[in-house]
Amino acid sequence: MLLELDHISKIYGDLRAVDDLNLTVPEGEWLAIVGSSGSGKTTLMNMIGCMDTPSKGSVMLEGRKLEDLNAKQLADVRKNMIGLVFQKFYLVPHLTAVENVMVAQYYHSVVNEQQALEALERVGLKERAHHLPGQLSGGEQQRVCIARALINCPKLILADEPTGNLDTKSTQEIMEILKELHRSGRTVIIITHDEEIASQAHRVIRILDGRIEEDYCNR
Ligand code: ADP
Ligand code: MG
């Protein structure tokens, strides 16, 4: 199993944002987590992505309990195993597309322009590599973000509402890229409030009030 959530809860005062949730995700799965606003999706993603810790329960990645790792080990898991994509792009406005990807490489201590260009080519943006974010459409900016997330060859791609700011055409382009990443062997988890988007994944988890309401296969 790549990911195991064992009775995890995230509790804020009286609110159980995630409530005693169990989930296992085998390596190579193409999974959507769908739920309305406030259902606990981002809270869940933050715990899976090692950005937050559960109030109760355990998160395991490749059989390792995250709570047993020290800060350095946790940072390494975050750095080496997980690629994150958000609704907001968080691109540096005065750096070009390829430079934005190289910033991520710098964080991984492997700055290499050729590899950054290859990552952009993978998302169909090679010819836009030297444009600034402001010269790119929203869909193109999100593709730069995906290229940036791919730089450490992560096993797990976690995308939280990656199409939330995009028009229909750009949304579908992003979905095709995520599907291609799945076909190339990665585990992909997309988080969305949009039923139509979720239905494109092979497995769909529906959450409501921090609990799994439905878990079904789509193929
Ligand atoms: P979603 O991503 O599905 O819209 P969230 O995970 O962001 O939902 O939020 C789930 C619930 O947890 C919401 O009611 C939200 O207000 C609450 N919540 C999220 N983060 C915090 C926090 N840091 N402190 C208090 N409540 C929070
Ligand atoms: Mg959210």
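1. Helices here are DSSP runs of H or I with at least four residues, and strands are runs of E with at least two, numbered from the N terminus. On that basis, strand S2 (15-25) and helix H1 (41-48) each supply at least two residues of the shell around ligand 1. The model is predicted.

2. The shell around ligand 1 consists of Tyr12, Leu15, Ala17, Ser36, Ser37, Gly38, Ser39, Gly40, Lys41, Thr42 and Thr43. H1 gives the largest share, three residues. By class, the shell holds three nonpolar residues, seven polar and one charged.

3. Polar contacts to ligand 1 come from backbone and side chain. A polar backbone atom of Gly38 sits 2.7 Å from an oxygen atom of ligand 1. For Gly40, a backbone N or O atom is 3.1 Å from a ligand 1 oxygen. Thr43 uses its side chain: a polar atom there lies 2.5 Å from an oxygen atom of ligand 1. On its own, ligand 1 has 560 Å² of accessible area, and the protein covers 58% of this.

4. Now to helix H4 (residues 113-122). Ala116, Leu117, Ala119 and Leu120 are buried there. Viewed down the H4 axis, the buried residues fall within an arc of 155 degrees, so they line one face of the helix. An α-helix has 3.6 residues a turn, so residues three or four places apart point the same way. The buried residues of H4 pack against helix H3 (97-107) and helix H5 (138-149).

5. Both ends of H4 deserve a look. At its start, a side-chain oxygen of Asn112 comes to within 3.0 Å of the backbone nitrogen of Gln114. After H4 comes Gly124, with a positive phi near 75 degrees.

Methods: Residues are numbered from 1 along each chain as its sequence is written. Chains are lettered from A and ligands numbered from 1 in the order in which they are written. This is a predicted model: local features need pLDDT of at least 70, side-chain atom pairs count only at pLDDT 80 or more; totals for chains, interfaces and linings use all residues. Side-chain values use heavy atoms; hydrogens and water are left out. Buried means under 20% relative accessible area, exposed over 50%, partly exposed in between (1.4 Å probe, protein chains only). The arc is that of the directions from the helix axis to the C-beta atoms. Contact means heavy atoms within 4.5 Å. A polar contact is a pair of N or O atoms within 3.5 Å; within protein, one must be able to donate a hydrogen and the other to accept it, and residues adjacent in sequence count only if both atoms are side-chain atoms. A residue is near a molecule or strand if one of its heavy atoms lies within 4 Å of it. Accessible areas come from the Shrake-Rupley method with a 1.4 Å probe; for residues, only the protein chains shown count as cover. Ala, Val, Leu, Ile, Met, Phe, Trp, Tyr, Cys and Pro count as nonpolar, Asp, Glu, Lys and Arg as charged, and the others, Gly among them, as polar.
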